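Visitor: Could you walk me through this one? I'd like rings first, then helix packing.

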Amino acid sequence: MAIKKLTADHLKRKIPSGVLPFKTTDEVSPLHSIIGQERALTALRLGLEIDASGYNVFVTGISGTGRTTIIEDILHKYARKYPTPDDWCYVYNFVEPDSPQAISLPAGKGREFQHDMEQLILTLKQELRRVFTSEHYESQKASLISQINQAKRQILQELDALAAQLNLQIQPTSMGFQTVVLEEGKPITPEIFQSLPEERKKEINRNLQTMEKKIAETLRQLARLDIQAQKSLQQLDKDVAGFVVEQYVNDIREKYENNEDILDYLQNVCKDIVTNSARFLGDGDREPADEERLPQDGYFRRYRVNVLVDNSRLKGAPVIYEKNPTYNNLFGRIEKVPVSGGYITDFTLIKAGSLLKANGGFLMADAAAVMRSPFCYDALKRSLRNKEIRIEDANELFGTFTVVSLKPEPIPLKLKVILVGWSRIYHLLSNYDDDFSKIFKVRADFDYETDSNSRSIRQFAQFIKRVIDQEKLPAFTREAVAEVVQYGHRLAGEQEKLSLQFGEVVKIIQQAAYWAGKDKASIVDREHVRQAIREYENRHSLINSKMLEQIRKERKKILVSGERVGEINGLSVMSFGEFSFGKPSRITAKTYIGNDNFFSIERKVGLSGKLHDKGAFILSGFFNSIFGAHIPLSFSASLTFEQSYGHIDGDSASSTELYVLLSSLARTPIKQGIAVTGSVNQNGEIQAIGGVNEKIEGFFEVCQAKGLTGEQGVMIPRSNIKNLLLKDEVADAVRDGKFHIWAVDRVEDGLKLLTGQPAGKRNQKGHFPKNSIYGKVEERLREFAERSEKYRKSIGNNKKGKSNNSNGKNGS
């Protein structure tokens, strides 16, 4: 196809006036739907609606497309249709104190149960003190004690009676009983005992032995009575406490009669209170246990209810977006309290994480943040695979020394997890983690652009209206909206596409409103939007300005007029963060006799990337197919980007390098006012490249700085015409004939434009026309080949002559 010279109409997306049928956005309704993203939304619905294991969703796509906001809105809509999940509580485990018991209750009942238990303990403290200080209790206790004392007196009387029969006397001491021998009713001394007859002594000793046995038996009986008394008193306390406790606990039992876990828990509470009723009476003589060293009610903390998840305010399922997914934030933590130089904890210090709070609903998190946080990803997989969540001390996961902690009972888990991340993370996990595809079975891939048509443009206008309403900004005119839509096309880089990078669009909307305010305008017009875009570019264009200054001062040599052999202006794009701009580079080629064909200096010194090297090899393939099949190629050529000191990559300069190579071989000058971009394939076809707008505008700025001559312009691939979305100043220059843009399909078209001479086509004899570029190149290649062959022959003859002279001398 021939060279196509583009008009100003080709350089922008035309928006028919009928597509935006309003004067200001006050006449537009805000957007309540989603622009584009049908593929992602279908996948998301699939993941949310299939109630099966592993149907969690991994959302991919570039940031700024509004994917997080869109997903949150969708999740909230789904959540309203779901039932509100249960509350979850931890209570003291009376059987295994280190393993707190998990209890679920209907939404809102957790706090209620917590309050009921608090009131129960407060009531029992008062009632047990009252009962245990009542006259009835004291009389029962006194009666038991009296019965025991009566039994003790009877035993002692029997002991005294036996002692009297044996002429002995029993005297109580701190160590038990002391036996005293009587003679004629009076205690005898050791001297008197020694003076007694032997028979009497033996009789007294037998009596003493009999008495000692009786005393031992009596002591055992008294001890048994004391134990019996203690048991009777304890039983009395249990009976009294049990009566009171059951009376009040039964009210709670009736309230939660359908919850087996609570009924079992209340049974254990009753037993524990009855067993430890003395605690409720205020025992101040004990050394407090660790649990009593904790603040807030000491020992009685064991009867508290720790409500981890309270869904009383929810209407539907929870939607949690965890913006800082650390291990503790996701899975919960067990807090500790410093005591006496150490740390202690109990079940009331267990805190829920986002995963538990989202149980029964939806959890969103950033995939990269989850991967960065230690243990998070593995713990998340384990929880989803096992369908339960364990709240563990994070320090234990490091395998280092830890203080004594708790092992709370795991809680059943059922929810949908939505991770939002880059496609690279998704592919890495898919390739290297066998579990990933089992727990994230759905991928929702958000697009960064959508087709530009009347419907999507109107939706874009409605999106602008939604932003205006949310941010409370002044209304936009139709022309201002059209300018924002044009910016959306510019972001997409194609006339037939609209960008879905709403984050960038919102910034321009906000800044346009700011400049309207500075202008004291009550409405935002087109010029305010343009100013917002200009100011945005100006804030990020310092490096671009510095480079342009170097060109203007001739420190970097870029010619934009005249003709040169073996020199051409190529175009490249530089990116710094979110800002990109184009810049021209002078590419030169030198050709000479040799056998290296041609090489890139950048490649020789390691400053080129693999894509650039690939483009060079493709260029070589095309060149050799045109000329190498007809004549031997005995030449070398060096190509380089002049005054380029950094890494270069990409194949968009491959056609440019081909043009400058052919110029050098043909000894035909190239117009320096025309910059070139485009890759070439082995068939000589010019292929589309990226960054075409930045490249054109970059060269336009240089030409503008050095002076527009009306002959300058840029040559691009024809397939890039639909990508043109140039600034108004470029379009105006094209309209006025001060700057030009040409589109070509083949290398031959480009040569014609750059040199003003035809590339040439082989005739039936296989020869190019002599005045064509290809003809001149082939002639030059033949010249190199002939010179090379002539030189080789001369070298051969010189060697042969020297050899003959040497043989003659030897013969003489």
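**Rings and helices**

Guide: F362 counts as buried, because its relative accessibility is 0%. Buried means under 20% relative accessible area, exposed over 50%, partly exposed in between, with a 1.4 Å probe and protein chains only. This is a predicted model: local features need pLDDT of at least 70, side-chain atom pairs count only at pLDDT 80 or more, and totals for chains, interfaces and linings use all residues. Residues are numbered from 1 along each chain as its sequence is written, and side-chain values use heavy atoms, with hydrogens and water left out.

Visitor: How many aromatic pairs does a search of the whole structure find?

Guide: The search gives 31 aromatic pairs. Rings of Phe, Tyr and Trp (its six-membered ring) pair if their centres lie within 6.5 Å; planes under 30 degrees apart count as stacked, over 60 as edge-to-face and the rest as tilted.

Visitor: What geometry do Y82 and F362 have?

Guide: Y82 and F362 are edge-to-face, 5.4 Å centre to centre with 70° between the planes. Y82 sits in the loop between α2 (67-81) and β3 (87-91), and F362 is in strand β14 (residues 362-366), 280 residues apart. Helices (H or I, at least four residues) and strands (E, at least two) are DSSP runs, numbered from the N terminus.

Visitor: Is Y82 buried, exposed or partly exposed?

Guide: Partly exposed, because its relative accessibility is 30%.

Visitor: And F623 with F635, why is that pair tilted?

Guide: Their ring centres are 5.6 Å apart and the planes meet at 45°, so the pair is tilted. F623 belongs to helix α22 (residues 610-628) and F635 to strand β25 (residues 635-641). F623 is buried at 1% relative accessibility. F635 is buried at 0%.

Visitor: Switching to helices. At what angle do α16 and α17 pack?

Guide: About 110°, with axes 10 Å apart, for α16 (residues 454-471) and α17 (residues 478-492). Axes are lines fitted to C-alpha atoms, for helices over the stretch in contact, and angles run from 0 to 180 degrees between N-to-C directions. That makes α16 roughly perpendicular to α17 (under 35 degrees is roughly parallel, over 145 roughly antiparallel, 65 to 115 roughly perpendicular, the rest oblique).

Visitor: Which residues make the contact?

Guide: I457, F460, A461 and I464 of α16, with V481, V484, V485 and G488 of α17. Contact means heavy atoms within 4.5 Å.
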